[in-house]
Amino acid sequence: MIELTNVSKTYPNGARALVDVNLKIGKGEFVFLVGPSGAGKSTLIKLFYRDETPTRGQVQINGKNLVRMKEREVPYLRRSIGVVFQDFKLLPNKTVFENVAFALEVIGVSKNEVKTRTHATLELVGLANKENAFPHELSGGEQQRVCVARAVINNPALLVADEPTGNLDPETAWEIMDLLFSINKRGTTVIMGTHARAIVDKMQKRVIAIENGRVARDEEIGGYGYDT
Amino acid sequence: MTLNSIRYILRETAHSMKRNPWLSIASVLTVTVSLVILGFSVLFLANASNMAKSFESQLEVATFLKSNTTPEQVKVIQSQIQGMPGVASVTVVTKAQALIDFGKTMGGTQSSLVTDLGGTNPFPDKLTVKASDPQKVKALADELSVLPGVEKVRYGQGYVDKLLTFTRWLRWIGLTVVGAFAIASIVLISINVKMNVFSRRREIQIMKLVGASNSFVRWPFLIEGLTLGFIGGALASGIVGTGYNWLSMYIQTTLTFLPVVQNTDLFRQIAAGLVLAGMAMGAIGSGLSLQKFLRS
């Protein structure tokens with residue numbers, strides 16, 4: 001499903017974020033990306049939803065080449081990829097319902113369909129009773145659920161999360177992990193960058209470690225592997 | 001673009017203007033202020049060039065003929081001058097006519113005047129010549145003065161040169177004022193739109209992340225720019241119209257010698273121009289400011 005071939009990324013200021021990375025991730029996999037801060041995890045994650053393009057090498061998702069892709073095709077790629085952020089990126093003056101419905105409205109879905117699908121998705125993430133709340137009225141875990149709901153409402157083939165539990169306490173973090181896991185079970189590929197040792201060790205999933213911009217380790221059933 | 005999208009875009013535009021009322025008001029006021037200045041500058045320019053034209057149109061060469069010229073010769077000289085290049089019109093004031101005119105101002109009758117003057121008419125025949133180009137009055141006067149039968153010419157020597165320099169300056173100042181304020185307006189508006197886009201960069205970022213097309217992101221801003229520009233332009237043309245009316249009435253009653261432009265067609269054009277300029281500025285400004293955001 002995802003294939004990176006000889007991918008290198010050098011930023012205009014000369015920083016080498018990724019060096020000759022080769023990766024293959026299959027459909028329906030759950031993958032942890034681990035590694036020290038500044039090792040290139042976030043850059044790698046940004047390649048998946050084409051927030052960045054590599055300076056060298058090819059990125060393919062579902063047979064589409066993200067490097068040769070034209071600018072006007074990018075929106076259509078993004079509709080098949082959900083993104084979850086550490087800081088949630090919710091719109092503060094929209095309600096929970098509006099924040100999630102936003103993802104459908106901006107791609108021109110009909111009003112009735114927006115209503116039904118938003119209700120269903122909020123049900124899925126367990127926020128059906130908070131539809132009319134504003135983000136500042138919610139706990140961190142609840143805000144992250146809204147962000148996940150927005151990311152999955154289009155039934156994306158791929159869900160990308162950059163430290164989704166980074167701002168949450170351990171208990172809430174596990175709730176979010178359960179949610180991501182259930183989404184993965186429905187067939188969505190999940191790639192998650194994280195520093196959460198306990199979660200990675202417990203989940204027993206594929207672990208890819210990035211160090212100095214290179215793939216340092218890639219294990220089918222791995223652990224976090226760093227001392228913290 | 002589907003009907004759903006259009007509905008969404010219109011709703012978003014209305015929301016965004018309500019959500020940032022102060023920014024919207026600031027944008028409208030900037031447009032209004034710049035366009036008011038622009039409108040008055042245009043009117044100033046129209047008046048300056050009108051004034052210049054009216055001063056210039058008063059320029060004429062008075063050509064006096066020798067006293068022994070017969071009425072037939074006057075006609076010959078008249079058609080001769082009419083045929084010269086650069087001559088717009090020639091009017092004849094015969095010596096008999098000059099005497100009648102003079103008599104009218106003196107309040108006497110023609111016969112008594114002639115008697116009083118010793119039985120002779122002292123007035124020469126006069127041809128009033130207008131040049132088609134006011135700048136060439138001096139050259140024309142020189143040409144006329146050497147024609148056979150011409151006694152002397154008078155065209156306000158010295159005075160003409162000063163007047164022409166003055167009107168030329170009047171035009172240049174008007175043009176400079178309009179140009180400077182047009183540029184200032186565009187800069188101010190683009191700053192305003194940039195602030196507007198900046199205050200909503202998070203929203204734009206998320207829209208792009210969830211797969212909104214560039215045109216979809218752009219439309220609400222374009223419509224917002226158009227709307228704010230329209231309101232600003234309409235306000236400006238109202239203020240300019242009322243202000244100019246009041247000002248021209250004041251000038252006409254106090255400085256009666258100044259010719260004030262009162263051309264309804266021109267006013268309509270300026271009003272329409274201000275509204276269109278406001279909309280264009282809003283749309284271009286928002287389009288340009290967004291371009292940078294959308295490229296990333």
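In this predicted model, helices H3(A) and H5(A) make a right-handed crossing. Their axes come within 7 Å and cross at roughly 25 degrees. Because angles under 35 degrees count as roughly parallel, H3(A) and H5(A) are roughly parallel to each other. On the side of H3(A), which spans residues 96–105, the contact draws on Val96(A), Asn99(A), Val100(A) and Ala103(A), and these meet Val146(A), Ala149(A) and Arg150(A) in H5(A). Sorted by class, the contact of H3(A) with H5(A) consists of five nonpolar residues, one polar residue and one charged residue.

From H5(A), the residues Gly141(A), Gln144(A), Arg145(A), Val148(A) and Val152(A) take part, while H6(A) supplies Thr172(A), Glu175(A), Ile176(A), Leu179(A), Leu180(A) and Ile183(A). Six nonpolar, three polar and two charged residues make up the contact of H5(A) with H6(A).

The assignment divides chain A into domain 1, built from residues 1–80 and 156–228, and domain 2, residues 92–155. Between the C-alpha centres of domain 1 and domain 2 of chain A the separation is 24 Å. The contact between these two domains takes 13 residues from domain 1 of chain A and 12 residues from domain 2 of chain A.

Turning to charged pairs, side chains of opposite charge can pair when their charged atoms come close. A search of the whole structure finds 12 salt bridges over all chains. One salt bridge joins the side chains of Glu71(A) and Arg50(A), with an N to O distance of 3.9 Å. Glu71(A) sits in the loop between strand E5 (64–65) and helix H2 (74–78) of chain A, and Arg50(A) in the loop between helix H1 (41–48) and strand E4 (56–61) of chain A, so the pair ties together parts that are 21 residues apart in sequence.

Helix H8 (residues 201–209) and helix H9 (residues 214–254) of chain B pack at an angle of about 150 degrees, and their axes are 9 Å apart. That angle makes H8(B) roughly antiparallel to H9(B), because values over 145 degrees fall in that class. The crossing of H8(B) and H9(B) is right-handed. In this contact, Ile204(B), Met207(B) and Lys208(B) come from H8(B), and Asn214(B), Phe216(B), Val217(B) and Phe221(B) from H9(B). Five of the residues in the contact of H8(B) with H9(B) are nonpolar, one is polar and one is charged.

Key
Residues are numbered from 1 along each chain as its sequence is written. Chains are lettered from A and ligands numbered from 1 in the order in which they are written. This is a predicted model: local features need pLDDT of at least 70, side-chain atom pairs count only at pLDDT 80 or more; totals for chains, interfaces and linings use all residues. Side-chain values use heavy atoms; hydrogens and water are left out. Axes are lines fitted to C-alpha atoms, for helices over the stretch in contact, and angles run from 0 to 180 degrees between N-to-C directions. Helices (H or I, at least four residues) and strands (E, at least two) are DSSP runs, numbered from the N terminus. Angles under 35 degrees count as roughly parallel, over 145 as roughly antiparallel, 65 to 115 as roughly perpendicular and the rest as oblique. A crossing is left-handed if the near helix is turned anticlockwise from the far one by less than a right angle, and right-handed if clockwise. Contact means heavy atoms within 4.5 Å. Ala, Val, Leu, Ile, Met, Phe, Trp, Tyr, Cys and Pro count as nonpolar, Asp, Glu, Lys and Arg as charged, and the others, Gly among them, as polar. A salt bridge is a side-chain nitrogen of Lys or Arg within 4 Å of a carboxyl oxygen of Asp or Glu. Domain bounds come from an automatic or database domain assignment.
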